[in-house]
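I wanted each entry to be plain enough to check by eye.

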Amino acid sequence: MRECKIQKNTSACSCTYEPCPRKGVCCECIQYHWSHHELPACFFPSDVEKTYDRSLQKFLSIYKNGS
């Protein structure tokens, strides 16, 4: 089994939600957000990520229009 690279992941994490217990643990982050019909912060541009709207609808509206 591969070892999680939490420090490396955390340094590249674009999530601005500071008390997040999943920061740097990408597999937990993806599972958490997917269970809420959302995507993690790293799927969104920084200006959109800051709104905390991580919904699939928001993701599709951004990339459907080619932005």
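I am working with a predicted model, in which local features need pLDDT of at least 70 and side-chain atom pairs count only at pLDDT 80 or more, while totals for chains, interfaces and linings use all residues. I number residues from 1 along each chain as its sequence is written, and the side-chain values use heavy atoms, with hydrogens and water left out.

**Salt bridge.** I searched for a side-chain nitrogen of Lys or Arg within 4 Å of a carboxyl oxygen of Asp or Glu, and the count came to one salt bridge. It joins the side chains of arginine 54 and glutamate 49, at 2.4 Å from N to O. I then looked up burial (buried is under 20% relative accessible area, exposed over 50%, partly exposed in between, with a 1.4 Å probe and protein chains only), and both arginine 54 and glutamate 49 are buried.

**Glutamate 49.** I noted a relative accessible area of 2% for glutamate 49. Leaving out residues up to four places away in sequence, I found that glutamate 49 touches Ser14, Cys15, Thr16, Tyr17, Ala41, Phe44 and Arg54, where contact means heavy atoms within 4.5 Å.

**Disulfides.** I looked for pairs of cysteine sulfur atoms within 2.5 Å, and the whole structure gave zero disulfides. For cysteine 4, the nearest cysteine sulfur is that of cysteine 27, 5.8 Å away. For cysteine 26, the nearest cysteine sulfur is that of cysteine 42, 6.6 Å away. I also recorded that cysteine 26 is partly exposed, at 40% relative accessibility.
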